[in-house]
Structure formats: structure tokens, C-alpha cells
Amino acid sequence: MPKIKIDKVRCKGCYLCIVNCPNGLIKIANGLNIKGVKPAVFSGGKCTGCTMCAVICPECIIEVYR
Ligand code: SF4
Ligand code: SF4
């Protein structure tokens, strides 16, 4: 099954990936990263590998595995 990996340290917390995942598979983490923001995290589930999250991320820190 496809999955994604988000670089939590480099995430700036814009949450564009969250609003653009058609399946709602990305959420906001509880803890803060080194930038002082709550990073986006993959919640698991039925990722289709559509790459929408990776394409929209302005930091280019989401990798999609298919
Ligand atoms: S789009 Fe990129 S920088 Fe923005 S919250 Fe998602 S992973 Fe973080
Ligand atoms: S690849 Fe597509 S389905 Fe999977 S987490 Fe990213 S936006 Fe969601």
C-alpha cells in the first residue's frame, strides 16, 4: 500500500498538505518541532499515492512511496 514520509523537523506548519489530501490522511502532531510549530504527520490509512500532498508542500519535504 502506498505511504508517505514527512520530514517533521523541516515542516513549517502551513498545513497545505492537510487540506489537500483527498483522503484526509494527514494530521497535526501534538508536539512541537525545532521550529516551534506542530508538524504535519501521516496518520496512516488508505493512501492512494496520488502525490497531491508532496506536490503542494512548499518545503518539498514529503516523500511518497508507491
Ligand atoms: S505542506 Fe509541507 S510544510 Fe506545510 S504542513 Fe505539510 S509538510 Fe509541513
Ligand atoms: S499521496 Fe495522496 S492520498 Fe496519500 S497522503 Fe498524500 S495526498 Fe493523501
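Leaving aside neighbours within four places in sequence, which residues is A40 in contact with? A40 is in contact with I6, C11, Y15, C17, I18, I26 and I28, where contact means that two C-beta atoms, placed from the backbone, lie within 7 Å. This is a predicted model, in which local features need pLDDT of at least 70, side-chain atom pairs count only at pLDDT 80 or more, and totals for chains, interfaces and linings use all residues. Residues are numbered from 1 along each chain as its sequence is written, while chains are lettered from A and ligands numbered from 1 in the order in which they are written.

**Overall fold**

- The protein has two helices and four strands, where helices (H or I, at least four residues) and strands (E, at least two) are DSSP runs numbered from the N terminus.
- Along the sequence these elements follow the pattern β-α-β-β-α-β.
- The radius of gyration is 11 Å, close to the 11 Å that the globule rule gives for 66 residues, so the protein is as compact as a globular protein of that length.
- That radius is taken over C-alpha atoms, and the globule rule is 2.2 Å times the number of residues to the power 0.38.
- The C-alpha trace spans about 30 × 20 × 20 Å along its principal axes.
- Of the contacts with a separation of 6 or more, 62% are between residues 24 or more positions apart.

**Burial and the nonpolar core**

- Buried residues account for 18% of the 66 residues.
- A residue is buried if 20 or more other C-beta atoms lie within 10 Å of its own, exposed if 12 or fewer, and partly exposed in between, with C-beta atoms placed from the backbone.
- The largest nonpolar core has eleven residues: I4, I6, C11, C17, C21, I26, A40, C47, C53, C57 and I62.
- Such a core is a set of buried Ala, Val, Leu, Ile, Met, Phe, Trp, Tyr and Cys residues joined through C-beta atoms within 7 Å.
- In soluble globular proteins, nonpolar side chains tend to be buried together.

- Strand 1 (residues 3-6) has I4 and I6 on its covered face and K3 and K5 on its uncovered one.
- In a regular strand the side chains alternate between the two faces of the sheet.
- Strand 1 runs antiparallel to strand 4 (residues 62-65), and four bridges join them; two strands pair if DSSP finds at least two bridges between them.
- The bridge partner of I6 in strand 4 is I62, and both I6 and I62 belong to the largest nonpolar core.

**Ligand surroundings**

- Around ligand 1 there are 14 residues, of which C11, C14, C17, A40 and C57 come nearest.
- A residue is near a molecule or strand if its C-beta atom, placed from the backbone, lies within 6 Å of it.
- The shell around ligand 1 has eleven nonpolar, one polar and two charged residues.
- Ligand 2 is surrounded by 13 residues, the closest being C21, C47, C50, M52 and C53.
- The shell around ligand 2 divides into nine nonpolar, four polar and no charged residues.
- Ala, Val, Leu, Ile, Met, Phe, Trp, Tyr, Cys and Pro count as nonpolar, Asp, Glu, Lys and Arg as charged, and the others, Gly among them, as polar.

- Y15 lies in the loop between strand 1 and helix 1 (16-20).
- Y15 is partly exposed because 16 other C-beta atoms lie within 10 Å.
- Phi of Y15 is near 65 degrees, a positive value in a residue other than glycine.
- I28 is in strand 2 and is partly exposed, with 14 other C-beta atoms within 10 Å.
- Neighbours within four places in sequence aside, I28 is in contact with Y15, K38 and A40.
- The C-alpha atoms of I28 and P39 are 6.0 Å apart, with a sequence separation of eleven residues.

**Other loop and helix positions**

- C60 lies in the loop between helix 2 (52-56) and strand 4, and its phi is near 55 degrees, a positive value in a residue other than glycine.
- C60 is exposed, as 10 other C-beta atoms lie within 10 Å.
- Most residues other than glycine have a negative phi, and most peptide bonds are trans.
- L32, in the loop between strand 2 (26-28) and strand 3 (40-42), is exposed, with 11 other C-beta atoms within 10 Å.
- V55 is in helix 2 and counts as partly exposed, with 13 C-beta neighbours inside 10 Å.
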